[in-house]
Amino acid sequence: MPPILELHGITKHFPGVLANDHIDLTLNQGEILALLGENGAGKSTLMNVLYGLYQPDQGEIVVRGKRITVHSPNDAIAAGVGMVHQHFMLVPVLTVTENVMLGVESLTAGVFLDRKAAAARIREISKQYGLQVDPEAYIKDLPVGLQQRVEIIKLLYRHADILILDEPTAVLTPQEADELFKVMRSLVAQGKSIIFITHKLREVLAVADRIDVLRLGKVVGEAGPKTATESLLASMMVGRQVELRVHKTVAKPGEAVLRVNDLRVLDDRENLMVDGVSFEVRAGEILGVAGVQGNGQTELVEALTGLRPTLAGRMFIDGHEVTRASPRRVVELGVAHIPEDRQSDGLVLSYPVADNLVLNTYYLPPFARGVVMQQPEIERAAAERVEQFDVRTPGIQTTAGSLSGGNQQKVIVARELSRPIKLLIAAQPTRGLDVGSIEYIHSRIIEKRAAGCAVLAVSTELDEILALSDRIAVMYRGRIVATVEARRATKEYLGLLMAGVSPDQIAPPEEGEEVQAVF
Amino acid sequence: MATVTTTVSTRMLTEQAHQTRQRVFGVVFIVIALASYWLFARNVDGGLVSTFGLNQGNVPAAERLPDWEIPSYGTVTALVVVSAAVGAYQLARGFGRATSVMLGLVALFFVFSFLTWATRDQAINLAGMLKTMVSRAVPLTLGALSGILCERAGVVNIAIEGLMLSAAMMAALVGSVTHNLWIGLLAAMLTSALLALFHGVLSIKYKVDQIISGTVINIFAAGITSFISSKFLQVFQELNNAGTFQAYPIPVLSKIPFIGGIFFDSNIFTYGAYVLLIVVHVGLFYTRWGLRARAVGEHPRAADTLGINVFRTRYVNVVLGGLVAGFGGGYFTLGSVGRFDELMTAGRGFISLAAMIFGKWTPFGAAGSALIFGFAESLQGKLAILKVPIPSQFLLMAPYIATMIALAGVVGRAIPPAADGQPYEKQ
């Protein structure tokens, strides 16, 4: 039997980037092929080519032995190819049924939507593949895990045989991810074939039948889950030996620097996102805040940094009340903030690197004398920091927007950490970065801790939380449901807490169990 | 039990918000009742009677309903008492989900108290007033439907004013030249659709800011119609003498006492609005076209990944909206006065957009809002006759002030389609 899908020599240029460089890839019927690679390795580009969202410059796509051309998603769907996108493609105000039938509607009298027939087929599919979901529910009311099911049902409803899952676990808790793996197993058992895109090594080893590793737009290696190890895959991904563990000394916590008392915060739509949170962070320790995206971490950080008004509760930094403080007041109290979205909140992309490096101190001497900016001083300081923090930029007058993600993040880290600070608030500090940049940023954060700075690290990546934290607070629906010592925490334990299981119902992990932090 | 406590505390918080909302409404109801007493009941003599006519002018004597005569003071006082009681119950217990209905009721009582007061010792034709309300609401409804068609697919169309104005002129011009009202109406719709297509090309293909594109069309329409009007239509009267569609009473329905004359004895514009109202509603919510259009207006990328042509969907809806606006524009000339005057739409295109928003982008909601605005217009006309000592401009303002208050909090935030006004970029 020929492979169900073959890609031959797919090449795709973007201005300045060769995203896919003569990629060959084979998918057999009934297997899960993992496509492993760092952000920017070209995985998503390749899949968008296959799904008809991009046109390749060269190369051919062969499905079931027949060469096909894919100009639009319609062609892909017709060839039996379906894709679950990293950002869900669901319309929140429509129901599950409406979302699933959209584009392939069943009709009565040739005009009217036949919601009943569609819902019946959805129930059938749910039953066959173990994907329970209420067809009448509105997408906006469903948790992320269920929304993902709807995405998968959408493909099955269209009779897709080749399923592409693009970073499907990014938004899931470890338990939800395991649930997804079961679904994937059941799908291939019933004859479907899956391409699973990820950059997480653990998942690849857990679920894949075969592994292709992509680096800089090329397939650099193939491996089987039985023979591969995490460190082997990591070095294939990065192209060099990688240190997977973060080394840090035992914490010596001092006085509390940040105290938060019964804080409540609303989001823009007036949903209560932070619901009575209290905690403190002491000098010389790292408090990690774990949680699935959207459980109030964003609003918590915005409130702490003065960017979002609080509804109730009080916050103190170094003894000063900052409940209603302006962002500048917070900065002046010695707080550094690495924001969650570096492009919209961390940098002014159209400004040069030099100006971005003084965004929080531009009005102070030596960068300003009265209202006059001291350009030579700004440039001198910029040159120094670029050197010190290893920012790879053509020059300090290059706009921040033209740097790579890792270097953009380094600019932010350089700005925030190169002044005397007492508290560092780091939100998703390494999201979307390559392994090298992650190593670098983690070591900088640990350096600050060693220097007696209090650190609040917010991340949705459990590996990052486990690697950095001394204590871990788990947020679920706006509350801190538990705070645990990092050395006692395991991924499974935290995962259950993140999924909303009450701490009373889980046996905490045994004391002294060593945790391997791998990312 | 972390999960349970979370939901409980969230519920408590929403509960608190509900209670505050409940109290605010209770107070508002009572304030309205007191205002009604202070303004209307207090200065009416006991013996005066308000007379409301219940017949249209053209009803034969044999079928006429007797006039409705009510004691002015007694009626207003009764309404004040009921409103206050509603407020008191709202404060004590709350009406829950029926609160908005109660708000509508109290507002209605207030308006009726005002009418009763204004009519004390006089008579007005209530049936005639309501008929005027309906006919004033027709162009507003059509404009709002046009807006709904565009915005549900994600294109903001503030050019409806300009579309209606151009359509009104073309209707008069072509209708006069051809001596055929139907051809005039067709010309109106095509003109409007063409301008809408222009708006579509600018905002869908060239991704121009949609407010700017719409404004450009409005200014262009105001200029070109005024020019043609002053150079030709006012000079050669035979070019501006199209006549109007006659009223056609619907058999049976128009014979219903009181109601029949108000709703079922009009010309094709009113009936067209009824039909379009239902067609747009059913189309949007029960057909493939509607589902796709709404998906495109909410999350175009999702629609695109499912093989739906976002651009084509938007073009289709914008042009359909243009046709509907053109039909509405025809009302101003072929549906009411038979001739074109400069800037005769007088901002009603914008008011239809207000009706659309107030109606939360739903056809029936928009039509309801259009009726409220239409009522205000017809009230203004009647009050001039009754010599009410309030400048008519203030009365005209009233429904919009009420709309602003309502939008600010009463009916809840009106949430537009998520991708409304955002040009779609293919990846």
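A residue is taken as buried when its relative accessible area is under 20%. In the predicted model considered here, Cys453(A) has a relative accessibility of 3% and therefore counts as buried. Cys150(B), with a relative accessible area of 0%, is likewise buried. A disulfide is a covalent bond between the sulfur atoms of two cysteines.

The same criterion of burial was applied to helix α1 of chain A, which spans residues 43–50. Seven of its eight residues are buried, so this helix is largely enclosed by the rest of the structure. The buried set consists of Lys43(A), Thr45(A), Leu46(A), Met47(A), Asn48(A), Val49(A) and Leu50(A). Just after α1(A), the backbone at Gly52(A) adopts a positive phi of about 85°.

Two helix pairs in chain B were examined. Helix α2 (residues 72–92) and helix α3 (residues 99–118) of chain B pack with their axes 10 Å apart and at an angle of about 160°. Because angles over 145 degrees are classed as roughly antiparallel, α2(B) and α3(B) are roughly antiparallel to each other. Their crossing is left-handed. On the side of α2(B), the contact is formed by Ser72(B), Thr75(B), Val76(B), Leu79(B), Val82(B), Ser83(B), Val86(B) and Gln90(B). These residues meet Thr99(B), Met102(B), Val106(B), Phe109(B), Phe112(B), Ser113(B) and Thr116(B) in α3(B). By residue class, the contact of α2(B) with α3(B) comprises eight nonpolar and seven polar residues, with no charged residue.

The second pair is made up of helix α5 (residues 160–178) and helix α12 (residues 310–337) of chain B, whose axes come within 7 Å and cross at roughly 55°. At this angle α5(B) and α12(B) are therefore oblique to each other. The crossing of α5(B) and α12(B) is right-handed. From α5(B), the residues in contact are Ile160(B), Leu163(B), Met164(B), Ala167(B), Ala168(B), Ala171(B) and Ala172(B). Their counterparts in α12(B) are Gly322(B), Ala325(B), Gly326(B), Gly328(B), Gly329(B), Gly330(B), Phe332(B), Thr333(B) and Leu334(B). The contact of α5(B) with α12(B) divides into ten nonpolar and six polar residues, again with no charged residue.

In chain A, Pro365(A) and Pro366(A) are joined by a cis peptide bond with omega of about 10°. Pro366(A) belongs to the loop between α12 (353–356) and β19 (368–369) of chain A. Ala109(A), a residue other than glycine, has a positive phi near 55°. Ala109(A) is placed in the loop between β7 (107–108) and β8 (112–113) of chain A, and its relative accessible area of 73% marks it as exposed.

In chain B, a positive phi of about 65° occurs at Phe258(B), which is not a glycine. Phe258(B) lies in the loop between β4 (248–249) and α8 (259–263) of chain B. At 26% relative accessibility, Phe258(B) counts as partly exposed.

Notes: Residues are numbered from 1 along each chain as its sequence is written. Chains are lettered from A and ligands numbered from 1 in the order in which they are written. This is a predicted model: local features need pLDDT of at least 70, side-chain atom pairs count only at pLDDT 80 or more; totals for chains, interfaces and linings use all residues. Side-chain values use heavy atoms; hydrogens and water are left out. Axes are lines fitted to C-alpha atoms, for helices over the stretch in contact, and angles run from 0 to 180 degrees between N-to-C directions. Helices (H or I, at least four residues) and strands (E, at least two) are DSSP runs, numbered from the N terminus. Angles under 35 degrees count as roughly parallel, over 145 as roughly antiparallel, 65 to 115 as roughly perpendicular and the rest as oblique. A crossing is left-handed if the near helix is turned anticlockwise from the far one by less than a right angle, and right-handed if clockwise. Contact means heavy atoms within 4.5 Å. Ala, Val, Leu, Ile, Met, Phe, Trp, Tyr, Cys and Pro count as nonpolar, Asp, Glu, Lys and Arg as charged, and the others, Gly among them, as polar. Buried means under 20% relative accessible area, exposed over 50%, partly exposed in between (1.4 Å probe, protein chains only).
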